[in-house]
Amino acid sequence: PCRGGADVHRALLRTLFASFALLPELAGVRAIVVCDGYKLAKPGGKLKLKGGIVSPTIAEGYAATLSWLRAELQRGAAWLSAQRVELLELPEWRGWSSAVEHALRLVETPHVMVIQDDRCFTKRFGQLLPLLAAMRAREGEVGYVLLPTRKQRDYVATMRSLAGRHG
């Protein structure tokens with residue numbers, strides 16, 4: 001669910017999928033859109049969007065977004081045509097890591113790319129294939145790679161502090 005409502009969430013999804021054009025290597029790949037559920041806040045209770053606790057208004061917007069996305073997938077919307085898109089709707093809120101885990105259960109490939117709906121590519125990333133080659137060459141040593149966002153000025157220092165010296 002998104003505090004900005006269905007229109008904002010639709011714009012985020014369209015922008016995300018449009019940004020994949022900056023990575024032609026992603027053309028035709030399988031894309032699983034995971035839609036985490038939610039819990040309604042108690043009347044007068046505190047909203048915690050990152051905790052899946054939403055107001056009835058936000059829940060209605062989320063339901064409208066899911067309905068729209070289902071319809072877009074069914075009609076083969078052009079903005080989704082570069083990938084093989086599947087929708088995974090979780091019946092209740094699970095949280096980010098558990099939602100990703102549910103999607104990973106559907107995947108048999110040795111590598112996956114996990115992208116949040118509010119993150120998109122803003123410029124060409126020409127290192128995707130060399131990055132995959134490096135991961136394959138160091139199988140068992142490199143389990144994942146995090147790509148920096150614009151907000152991360154000192155990416156290396158940030159990752160070392162989060163993951164530890166040998167993370």
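# Reading the labels around Trp68 and Trp79

Tutor: Trp68 and Trp79 are both buried. That label means under 20% relative accessible area, while exposed means over 50% and partly exposed is in between (1.4 Å probe, protein chains only). Before we go on: this is a predicted model, where local features need pLDDT of at least 70 and side-chain atom pairs count only at pLDDT 80 or more, while totals for chains, interfaces and linings use all residues. Residues are numbered from 1 along each chain as its sequence is written, and side-chain values use heavy atoms, leaving out hydrogens and water.

Student: What makes Trp68 and Trp79 an aromatic pair, and why is it called stacked?

Tutor: Rings of Phe, Tyr and Trp (its six-membered ring) pair if their centres lie within 6.5 Å; planes under 30 degrees apart count as stacked, over 60 as edge-to-face and the rest as tilted. Trp68 and Trp79 come out at 5.4 Å centre to centre with 10° between the planes, so by that rule they pair and are stacked. The structure holds five aromatic pairs.

Student: Which parts of the chain does the pair tie together?

Tutor: Trp68 sits in helix H2 and Trp79 in the loop between H2 and E4, so the pair links parts 11 residues apart in sequence. Helices (H or I, at least four residues) and strands (E, at least two) are DSSP runs, numbered from the N terminus. Both Trp residues also belong to one aromatic cluster with Phe17, Phe20 and Phe121.

Student: What makes a set of residues a nonpolar core, and how many residues are in the largest one here?

Tutor: The members must be buried Ala, Val, Leu, Ile, Met, Phe, Trp, Tyr or Cys, joined through side-chain atoms within 4.5 Å. The largest such core has 19 residues, and Phe17, Leu69, Trp79 and Leu80 have the most contacts inside it. Helix H1 (6-19), E1 and helix H2 (56-75) are the elements that give two or more residues to this core, with H2 giving the largest share, four residues.

Student: What does Leu80 touch?

Tutor: Contact means heavy atoms within 4.5 Å. Skipping its neighbours within four places in sequence, Leu80 is in contact with Phe17, Leu69, Glu72, Leu73 and Val85.

Student: Is Gln83 buried or exposed, and how do you know?

Tutor: Its relative accessible area is 7%, so Gln83 is buried. A polar atom of the Gln83 side chain lies 3.3 Å from the backbone oxygen of Leu26.

Student: And why does Trp93 get the label it has?

Tutor: Trp93 has 25% relative accessibility, so it counts as partly exposed. Trp93 is found in the loop between E4 and helix H3 (96-104). The C-alpha atoms of Trp93 and Asp36 are 5.3 Å apart, although 57 residues separate them along the chain.

Student: What makes E1 and E4 a strand pair?

Tutor: DSSP has to find at least two bridges between two strands. Six join E1 to strand E4 (residues 84-89), so they pair, and they run parallel. Val33 stands opposite Leu87 in E4. Strand E1 (residues 30-35) has Ala31, Val33 and Cys35 on its covered face, with Arg30, Ile32 and Val34 on the uncovered one.

Methods. Polar contact = N/O pair within 3.5 Å; in protein donor to acceptor, adjacent residues only side chain to side chain.
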